[in-house]
Amino acid sequence: MTSAGPSEPTRVLAVDPGKHALGWSAWSGGDLVACGLARAEGRDLGALAAALVEQVPCGADVAVVERMVHGYTSMAAIKDKVAKDLLDLQAIGGYVAGASGARKVVWASAHEWKGETPKTVTAKRVDKALRPEELATMRAALKTIPKALRHNLVDGVAIGLWYLRRIPR
């Protein structure tokens, strides 16, 4: 089990890893200061990770990264592909956390930070938990992202809110 929450105000980078679209949020003293969606194309994992890192802020004291957990399936071909994809996502999350300069990395599974909450409910909780100026920051970032990818940014913000204990699981 991962313990959420800082013991003192700190700079936090929250990351929802993705292979081609990675949601992130940056926090200072408990306030959302920036958020976005890092995007990259290609097949080479190292190149993808490097391209994503270039789009994410550095200088965090703590990086909070969604930990990928393997789901179970009886179909071997699907199971192998899912396992590889999850390992790739975990590698990207670790690469971003390391590049952020964070002294501490907190890994949180989706079950830990949101449980079985549907994306639409998570989005409503995020909107409700953000202060007006933070909500304006997130909405401005969302306007630049295709609708099909916006949940990645929202999850990046939700992970930060969870870590800061501003949103329930």
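Modeller: Gladly, and I'll begin with the elements: helices (H or I, at least four residues) and strands (E, at least two) are DSSP runs, numbered from the N terminus. In those terms, Ala-102 sits in the loop between helix H2 (76-99) and E5. The model is a predicted one, where local features need pLDDT of at least 70 and side-chain atom pairs count only at pLDDT 80 or more, while totals for chains, interfaces and linings use all residues. Residues are numbered from 1 along each chain as its sequence is written, and side-chain values use heavy atoms, with hydrogens and water left out.

Colleague: How many helices and strands does that give, and in what order do the elements run?

Modeller: The protein has six helices and five strands. Starting at the N terminus, their order is β-β-β-α-β-α-β-α-α-α-α.

Colleague: Why does Ala-102 count as buried?

Modeller: Buried means under 20% relative accessible area, exposed over 50%, and partly exposed in between (1.4 Å probe, protein chains only). Ala-102 has 18% relative accessibility, so it counts as buried. Contact means heavy atoms within 4.5 Å, and, leaving out residues up to four places away in sequence, Ala-102 touches Ala-60, Asp-61, Val-62, Ala-63 and Ala-97. Ala-102 and Arg-11 are 91 residues apart in sequence, with 8.9 Å from C-alpha to C-alpha.

Colleague: What makes Ser-109 buried?

Modeller: Ser-109 has a relative accessibility of 6%, and therefore counts as buried. Ser-109 belongs to strand E5 (residues 104-109). Apart from neighbours within four places in sequence, its contacts are Glu-66, Arg-67 and Val-69.

Colleague: And why is Ala-21 called buried?

Modeller: Its relative accessibility is 13%, so Ala-21 is buried. Ala-21 lies in strand E2 and, not counting residues up to four places away in sequence, touches Asp-16, Leu-37, Ala-38, Leu-149 and Asn-152. Its C-alpha is 9.9 Å from that of Leu-48, 27 residues apart along the chain. For the protein as a whole, 46% of the 169 residues count as buried.

Colleague: How do you know that E2 and E3 pair?

Modeller: Two strands pair if DSSP finds at least two bridges between them. Strand E2 (residues 21-28) and strand E3 (residues 31-39) have eight bridges, in the antiparallel sense. One of the residues involved is Trp-24, whose bridge partner in E3 is Gly-36. The hairpin of E2 and E3 has two residues between the strands, and Gly-29 there takes a positive phi near 60°.

Colleague: Which residue has a positive phi although it is not a glycine?

Modeller: That is Arg-165, with a phi of about 60°. Arg-165 is found in the segment after H6, and its relative accessible area of 57% is why it is called exposed.

Colleague: How many disulfides are there?

Modeller: A disulfide is a pair of cysteine sulfur atoms within 2.5 Å, and by that rule the count is zero. As for individual cysteines, Cys-35 is buried because its relative accessibility is 10%, whereas Cys-58 is exposed because its value is 55%.

Colleague: Which cavity did the search find, and what lines the largest one?

Modeller: The whole structure holds one cavity of 30 Å³ or more, and the largest cavity has about 50 Å³ of space. Its lining includes Trp-113, Lys-114, Ile-167 and Arg-169.

Terms used:
1 Å grid on protein atoms, 1.4 Å probe; cavity = no way out; pocket = protein on both sides within 12 Å on 5 of 7 lines; lining within 4 Å. Points joined across faces, edges and corners; volume = space filled by probe spheres on them.
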